[in-house]
Amino acid sequence: MDIKIKRGSVSGEKSDAAVFVLFEGERPKGALAEIDGAQGGVISRTIASGEFTGKQGETALFHLVSGTGPERIILAGLGRRGKFSPDSLMRAAGAAAGLARKTGLKEISVDSGPPEGISLNRFASLMAQGMLLALYNFDTFKKAESNKKVKSVALLASDRAAEAALKKGAAEGRIIADSVNFAKDMINAPANEMTPSVMAARAKAAAKDVGLKLKVLEADDCKKLGMGAFLGVAKGSRQPPKFIVMEYRGGKPADRRQGPYVIIGKGITFDSGGISIKPSEGMEKMKYDMAGAGAVIAAIRCAAALKLPVNLVAIAPCTENMPGGAALKPGDMVRAMNGKTIEIISTDAEGRLVLADALCYAARYKPRAVIDIATLTGACVIALGDFAIGLMGNDRKLIDDVREAGEAGNERAWELPMWDEYVDAMKGDVTDLKNVGGRKAATVTAGKFLQEFVDYPWAHLDIAGTAWEEKGRPYCPKGATAVGVRLIVEFLKRKSA
Ligand code: BES
Ligand code: MN
Ligand code: ZN
């Protein structure tokens, strides 16, 4: 879908439909009031009769009887003015775009009258994101492409300054939404189409697109570095593992005195459980066990495309977790890059093993802060359900910043305790650590396990419950959610403000 910025008014712009957003219980104003008047009050009568109330998510479609501008009007509800947040606007934009697509409309226009408190720049960014995210459709492997596709959306600017602001915002919204959708394409793909090698190729393409340094460590390289935990997981698979490292240097000269931010994503392209094999029911879902890796690759792409003034490194340890003949077995021992030994209790607790070596590797950057993101524990789904990320870490300020960045884009994270006592469950009998600490607080004990490989400010995001959407919600169709991409980008934006 193209996004165009045009000078003029929405009522004079020819389109299949003009989109207006409206608060609950409020009457048409401005351009909408004019159109309403010219159409004999059809819109205000629909509102008066209660057929359109302006509730969040609600939409209405009107055919206009006369005029040379839009053929139709789409109203999208913003909910109560008092409860407004940027997310309300993204939802309304997504709902309007969804209705336009369902109706088979090709060209739509948008009235650029942002709600109070939202700049034109922000308005354009949120509208673009809401629409582009809502219209995402994973059809890579479908023979027949749907012909119901919205081709273009025009944002109308009243003057030169408005035009510049809308352009800037729409460009930002486009970059963010494209990055989220880029992650979704990776995460939704079947595991046999998204092997570690394919992930590395996607990372390479992204690096080339936006100008990033890329390094892919092969198994031999990892062996030399002593990554016994990562390689232990990889041993059970025919697919060669890929340890992907991407570097973006956008920081100001003064930033050279500090290390970069490092983001690490779990990249298990398929988690069968290994020898501790998972039940077959639902196992197909475990193709999304690389959602963390997808998110960090997309986030660094986004940061570079937005030219954020930060230094950033993304690390994605990618491998399958399979029960091949050479696979790790329960009772085996591996040695991580920092020398710590780990007894394998369950080969299904593989995420923490690949992350352990990635966290050790991150130390070489003397990072300012590290955020890891992983579909790590089923227990997180039990504890927090589908719409809260599990948040842990070792640094008060970093944890708060991460949570606030998430809230801004409705990628909400909820903090779990990381008291010292929790690490006891992870202490090994014959090794330094074991990879499973029992059923109690399994999300926290996994976090405590990771902490054993960290010597810098660090936050950990468990996205097991949030990385996949079963039903579809506003501006997030079912399937991969690419949760974390917008959170990380917002976090970095705030750091560069
Ligand atoms: N990838 C899974 C966690 C997961 C579960 C993600 C459900 C998304 C949805 C992870 O590798 C895993 O298998 N964790 C085990 C750990 C256990 C063996 C300690 C779990 O949570 O059951
Ligand atoms: Mn597992
Ligand atoms: Zn896993």
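These legends walk through several close-up views of a predicted model.

Residues are numbered from 1 along each chain as its sequence is written, and chains are lettered from A and ligands numbered from 1 in the order in which they are written. Because the model is predicted, local features need pLDDT of at least 70 and side-chain atom pairs count only at pLDDT 80 or more, while totals for chains, interfaces and linings use all residues; side-chain values use heavy atoms, with hydrogens and water left out.

**View 1. Helix α3 and its packing partners.** Helix α3 covers residues 86-103; helices (H or I, at least four residues) and strands (E, at least two) are DSSP runs, numbered from the N terminus. Its 18 residues reach 26 Å from the first C-alpha to the last, close to the 26 Å expected at 1.5 Å a residue (the expected span is 1.5 Å times one less than the number of residues). Among the buried residues of α3 are Leu89, Met90, Leu99 and Ala100; buried means under 20% relative accessible area, exposed over 50%, and partly exposed in between, with a 1.4 Å probe and protein chains only. The buried residues of α3 pack against strands β2 (17-22), β3 (59-63), β4 (72-77) and β5 (107-110), and against helices α4 (120-134) and α14 (485-496). Just after the helix, glycine 104 takes a positive phi of about 85°.

**View 2. Helix α12 crossing helix α14.** Two packed helices are described by the angle between their axes and the distance between the axes. Here α12 (residues 396-408) and α14 pack at an angle of about 115°, with their axes 8 Å apart; axes are lines fitted to C-alpha atoms, for helices over the stretch in contact, and angles run from 0 to 180 degrees between N-to-C directions. The crossing is right-handed (left-handed if the near helix is turned anticlockwise from the far one by less than a right angle, right-handed if clockwise). On the α12 side, the contact includes Lys397, Leu398, Asp401 and Val402, and on the α14 side it includes Leu487, Phe491 and Arg494; contact means heavy atoms within 4.5 Å. By class, the residues of this contact divide into 6 nonpolar, 1 polar and 6 charged, where Ala, Val, Leu, Ile, Met, Phe, Trp, Tyr, Cys and Pro count as nonpolar, Asp, Glu, Lys and Arg as charged, and the others, Gly among them, as polar.

**View 3. Helix α4 beside helix α5.** The axes of α4 and α5 (residues 160-188) come within 7 Å and cross at roughly 35°. This crossing, too, is right-handed. The contact of α4 with α5 has 13 nonpolar, 6 polar and 3 charged residues.

**View 4. Aromatic pairs.** The structure holds 9 aromatic pairs; rings of Phe, Tyr and Trp (its six-membered ring) pair if their centres lie within 6.5 Å, and planes under 30 degrees apart count as stacked, over 60 as edge-to-face and the rest as tilted. Phenylalanine 138 and phenylalanine 141 have ring centres 5.9 Å apart and planes at 65°, so they form an edge-to-face pair. Phenylalanine 138 is partly exposed at 23% relative accessibility, and phenylalanine 141 is partly exposed at 46%. Tryptophan 419 and tyrosine 422 are stacked, at 6.0 Å centre to centre and 15° between the planes. Tryptophan 419 is exposed at 56% relative accessibility, whereas tyrosine 422 is partly exposed at 23%. Elsewhere, ring pairs link Phe230, Phe243, Tyr361 and Tyr365 into a cluster.

View 5. In helix α13 (residues 442-451), 9 of the 10 residues are buried, so the helix is largely enclosed by the rest of the structure. Those buried include Ala442, Val444, Phe449 and Leu450. Alanine 441 sits in the loop between β17 (433-434) and α13. Although alanine 441 is not a glycine, it has a positive phi of about 45°. Its relative accessible area is 35%, which makes alanine 441 partly exposed.

**View 6. Lysine 307 in a loop.** Most residues other than glycine have a negative phi. Lysine 307, however, has a positive phi of about 55°. Lysine 307 lies in the loop between α9 (291-305) and β11 (311-321), and at 67% relative accessibility it is exposed.

**View 7. Serine 197 and its neighbours.** Serine 197 belongs to helix α6 (residues 196-210) and is partly exposed, with a relative accessible area of 28%. Serine 197 touches Pro240 and Lys242, leaving aside residues up to four places away in sequence.
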